[in-house]
Amino acid sequence: MRQYLDLCQRIVDQGTWVENERTGKRCLTVINADLTYDVANNQFPIITTRKSYWKAAIAEFLGYIRGYDNAADFRQLGTKTWDANANENQVWLNNPARKGTDDMGRVYGVQGRAWRKPNGETVDQLRKIVNDLTRGIDDRGEILTFLNPGEFDLGCLRPCMYNHTFSLLGDTLYLTSYQRSCDVPLGLNFNQIQVFTFLALMAQITGKKAGTAYHKIVNAHIYEDQLELMRDVQLKREPFPSPKLEINPDIKTLEDLETWVTMDDFNVVGYECHPPIKYPFSV
Ligand SMILES: Nc1nc(=O)c2c([nH]1)NC[C@@H]1CN(c3ccc(C(=O)N[C@@H](CCC(=O)O)C(=O)O)cc3)CN21
Ligand SMILES: O=c1ccn([C@H]2C[C@H](O)[C@@H](COP(=O)(O)O)O2)c(=O)[nH]1
């Protein structure tokens, strides 16, 4: 949790103001941040200096694992986080590729599970990784990439966490995740949980030990309308110790994640936190 607060403080102290055309807002910005999560010792990196809606964060990531392309499916899993990008951004609303209400287009999990090849077939990147890791294989290319520049115009948003690479050292599994753009007050609160949980889940379904997750961020920013709350409220609070994440041990395969798993299969034990802070969201 300290590393999150250090990044927030660094943006407040050393950030540069950058205009953002897509949202029409200015962002206080730094370049390059490296975060690490100790999944081996279950140090769950949840924010404690405000209440974190961790179930929504895990639901969002489960939707990517399932290859969802529709905000209604995400709501069914337990998160409304895609409603605004699917239904309120004028550029996307005007895009002829949009298939109607709640459609997100070919983003995130669609690329992860059904990357289109020129011959019309699709590539299931995640299935290949799970198959390899289960057999103890790391071919130094166990890469799940959501970034498909050829299809940017077919989706509502370019992926922010766009690359997840798995590595095996003996029977210990590591994850390195790359993020091009990070809304530190809102998005990172979710993304930290997602990177941690992705490694924990992949270790569980491939029968490996979870090691460390490395989270590498390029552009880390605070929107102008979030700054006061971050600087004068959240950064004035002292963090609590990290809680533990419990995952239902009956989750054993990728099919389990694709079919019956719900947010009831996850639990956070010993979560102590400060009161909620409602940060503005930019569409
Ligand atoms: N500007 C922006 N920031 C993001 O973090 C972001 C996007 N856009 N677009 C795509 C996804 C959607 N994500 C979101 C969207 C909303 C919340 C949010 O409103 N979080 C609140 C309440 C969550 C709840 O009640 O479940 C929070 O306080 O964390 C978080 C992440 C992350 N991504
Ligand atoms: O998982 C996510 C998804 C999105 N974000 C943030 C980062 C930016 O503030 C916006 C995306 O805007 P771009 O103009 O496409 O960079 O969403 C995040 O932090 N985490």
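Where in the protein is the place of Ser181? Let's walk through this predicted model and find out.

## Ser181

Ser181 sits in strand 7, which covers residues 172-183. Its relative accessibility is 18%, and buried means under 20%, so Ser181 counts as buried. Leaving aside neighbours within four places in sequence, Ser181 is in contact with Cys160, Asn219 and His221.

UniProt, in an unreviewed entry, gives Ser181 the feature "binding site".

## Ile222

Ile222 has a relative accessibility of 0% and counts as buried. Not counting residues up to four places away in sequence, Ile222 touches Cys8, Ile11, Val12, Arg26, Cys27, Leu28, Val184, Pro185, Leu227 and Met230.

## The whole protein

Stepping back, the protein has 10 helices and 10 strands. Its radius of gyration is 18 Å, close to the 19 Å that the globule rule gives for 283 residues, so the protein is as compact as a globular protein of that length. The C-alpha trace spans about 50 × 50 × 35 Å along its principal axes. Of the 283 residues, 53% are buried.

An unreviewed UniProt entry lists residues 2-283 as "domain: Thymidylate synthase/dCMP hydroxymethylase". Over that stretch the chain is 32% helix and 25% strand, with the end C-alpha atoms 28 Å apart.

## Surface and charge

The accessible surface comes to about 12800 Å², and 50% of it belongs to carbon and sulfur atoms. There are 32 positive and 36 negative side chains, with the centres of the two sets 1 Å apart.

Key
Residues numbered from 1 in each chain as written. Chains lettered and ligands numbered in written order. Predicted model: local features only at pLDDT ≥ 70, side-chain atom pairs only at ≥ 80, totals over all residues. Heavy atoms only, no water. Helix = DSSP H or I, 4+ residues; strand = E, 2+ residues; numbered from the N terminus. Rg over C-alpha atoms; globule rule 2.2 N^0.38 Å. Buried < 20%, exposed > 50% of the residue type's maximum accessible area, 1.4 Å probe, protein only. Areas by Shrake-Rupley, 256 points an atom, 1.4 Å probe, with all protein chains shown as cover. Lys, Arg positive; Asp, Glu negative; His and termini not counted. Charge placed at Lys NZ, Arg CZ, Asp CG, Glu CD. UniProt positions renumbered as here; feature names shortened; annotations may be inferred. Contact = heavy atoms within 4.5 Å.
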